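User: I'd like to go through the labels on this model and ask what stands behind each one. Can we start once it's on screen?

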Amino acid sequence: MSSVFSAANPPADPARSAPVRAGWRAAALDALCERDPLAKADAVSALHALTLEAAARGESRWDAACVLDAPADLPGRPPRPELVEPRSLQRRSMSTPQGRVVLLHALAHIEFNAINLALDAVWRFKAMPDAFYADWLKVAAEEAYHFSLLRQRLADYGHQYGDFPAHNGLWEMCERTCDDVLARMALVPRVLEARGLDASPPIRARLKQAGDHESAAILDIILRDEVGHVRIGNHWFRFLCDERGLDPHTAWLDLAAQYHAPKMRGPFNFEARRSAGFDDAELDTLIAQDAGEK
Ligand SMILES: [Fe+2]
Ligand SMILES: [Fe+2]
C-alpha cells in the first residue's frame, strides 16, 4: 500500500503535534483523548511518522507489556456533531448539493470514528506482537488522511465537520468489544469496515452520476486503503484464532452472535472482500446470512 503522506497529506508539523508520552501505545491513547479533530489527526500522523523513523533505526517503544488505564469519557471528540439515534438521521439524495453535503458529512464522521477505533486497538490490548500495534497505528494514520480529505471537501461545499447530527454506532461496537482483542478483530474490521467495502462502489457511482468527480475520487482512495484495513483485521483475527486453537469460521459466527453484530446484508463487494483476505467459506456465509434476512 502506498504511503499515507503525499502532497495532499504532508506529515504533521512535529513541533505542533509531537507526542507527549514516550511509550507509543500511551501516545496513541493521548491522541484518542484529543477532542479537536484536526489536532487528533495531526497527532496520529506525527506519531506514525515517529514510529516509522524509529523502527528504521531498529528501535521499538510499543511497551506491549504495559497496562494502561482507560480514562473516563473516551473517545475525545468535539462538542458537535450532536449524536442521535440512527433512525432519526436525514435520508440523502445525492442529486442535490445539500444531499451530497449530508453524505460527505456522514462519511467524515465514519472516518473520524475510524481514527478512534484504530487508536483504541493500539493502546487497549497488551501483550500483542509489535507488528499488531504498527499495523493499527498505520490504519489510524490512513483514517486521519481520509478524514482530512473529506473535511476539505466539506469546506469546498461551505460546511465543516459537526454541522449535521450523526450516530454513535461505530464507537458502541468498539466499547462492546473492549474486553477481548479477538472479538474486536472479528467485529470491527471484519464486520464494520468490511461493510464499507460493500457500500463504497454504489455511493461512488451516484456521486459520479451527480457530476461530483472530486468526491468520487476521494471514495476511490478510501476504498483502496480500506481493503488494506480489512486485510489487517483478517490477519490478526486468524493469528488470534490460531493462538487460541479456534476454528476461524465458527469463532466468527459465535462472536457475531455473542456481541450482537449487525446481520450482513448484500449486495457484497466480493472482489474487494477477496482482496482483503476473506475466503470462499466466509463469503458463502455472508450470502447465506443475506438470504436468511430476506
Ligand atoms: Fe477510512
Ligand atoms: Fe478503515
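Analyst: Helices here are DSSP runs of H or I with at least four residues, strands are runs of E with at least two, and both are numbered from the N terminus. With that numbering, aspartate 73 sits in the loop between helix 3 and helix 4. This is a predicted model, where local features need pLDDT of at least 70, side-chain atom pairs count only at pLDDT 80 or more, and totals for chains, interfaces and linings use all residues. Residues are numbered from 1 along each chain as its sequence is written, while chains are lettered from A and ligands numbered from 1 in the order in which they are written.

User: What is the phi of aspartate 73?

Analyst: Phi there is near 65 degrees, a positive value in a residue other than glycine. Most residues other than glycine have a negative phi, and most peptide bonds are trans.

User: Which peptide bonds are cis, the one joining arginine 80 and proline 81 and which other?

Analyst: Arginine 80 to proline 81 is cis, with omega about 15 degrees; proline 81 is in the loop between helix 3 and helix 4. The bond from glycine 266 to proline 267 is cis too, with omega near 0 degrees.

User: Why is helix 2 called roughly antiparallel to helix 3?

Analyst: Axes are lines fitted to C-alpha atoms, for helices over the stretch in contact, and angles run from 0 to 180 degrees between N-to-C directions. Helix 2 (residues 24-33) and helix 3 (residues 37-56) pack at about 165 degrees, axes 9 Å apart. Angles under 35 degrees count as roughly parallel, over 145 as roughly antiparallel, 65 to 115 as roughly perpendicular and the rest as oblique. That makes helix 2 roughly antiparallel to helix 3.

User: And what makes helix 3 and helix 4 oblique?

Analyst: Helix 3 and helix 4 (residues 97-124) cross at roughly 45 degrees, their axes coming within 11 Å. They are therefore oblique to each other.

User: Which residues of helix 3 and helix 4 meet?

Analyst: Pro37, Lys40, Ala41 and Val44 of helix 3 meet Phe112, Ile115 and Leu119 of helix 4, contact being C-beta atoms, placed from the backbone, within 7 Å.

User: How do you know where helix 7 bends?

Analyst: The bend at a residue is the angle between axes fitted to the seven residues ending there and the seven starting there. For helix 7 that angle is about 35 degrees at alanine 199, and proline 201 follows within four residues. After helix 7 comes glycine 211, with a positive phi near 90 degrees.

Note on methods:
Two residues are in contact if their C-beta atoms, placed from the backbone, lie within 7 Å.
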